Amino acid sequence: MSTHACPYCGGPLQTVHHGAAAYPYRKDYGPRLLCPPCDAHVGFHEGDVDRPLGTVANSTDRAWRRIIHNIIDPLWKAETGRNRRRARKRLYARLSDALGREAHASWENGSGLLELLDAARTVAANWTKEPA
């Protein structure tokens, strides 16, 4: 059981694994940090249930996160080799600069996601690939 609180209702979050009654997800999702009343959850880094991949998100915020990733992921994924990693780093640096704070979709909720969406659209509109 986690000591973290849900950002939506303030209730306790649970760490759940496939097979538990509170685990309604596919087995390949792995363990989840979950608030059942809010349907808010987040996964963990592989093999490490002490390191969530981000903050728990309800269905609305998960939808916004997917929209943001659909805008920004193709930018850095179009690169290959070392350029790919550099492009991802450059992308997140530009998003952070645009927001004036460190930025990542998995860390944002609510209005922070809308701000990130605006920044993502601006960065994407001005994106250029790394020279080969």
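Strands count as paired if DSSP finds at least two bridges between them; strands (E, at least two residues) and helices (H or I, at least four) are DSSP runs, numbered from the N terminus. Four residues separate the strands in this hairpin, and Asp39 takes a positive phi near 50°. Strand E1 (residues 14-16) also pairs with E2 in the antiparallel sense, over three bridges, with Thr15 opposite Leu33.

Strand E2 (residues 32-35) is covered on both faces: Arg32 and Leu34 are buried on one side, Leu33 and Cys35 on the other. Buried here means under 20% relative accessible area, with exposed over 50% and partly exposed in between (1.4 Å probe, protein chains only).

Turning to helix H1 (residues 59-77), its 19 residues reach 25 Å from first C-alpha to last, close to the 27 Å expected, taken as 1.5 Å times one less than the number of residues. A kink of about 30° lies at Asn70, shortly before Pro74; the bend is the angle between axes fitted to the seven residues ending there and the seven starting there. Buried residues of H1 include Arg65, Ile68, Ile72 and Trp76. The helix's buried residues pack against E3, H2 (81-99) and H3 (111-125), contact being heavy atoms within 4.5 Å.

Residues are numbered from 1 along each chain as its sequence is written, and side-chain values use heavy atoms, leaving out hydrogens and water. As the model is predicted, local features need pLDDT of at least 70 and side-chain atom pairs count only at pLDDT 80 or more, while totals for chains, interfaces and linings use all residues.
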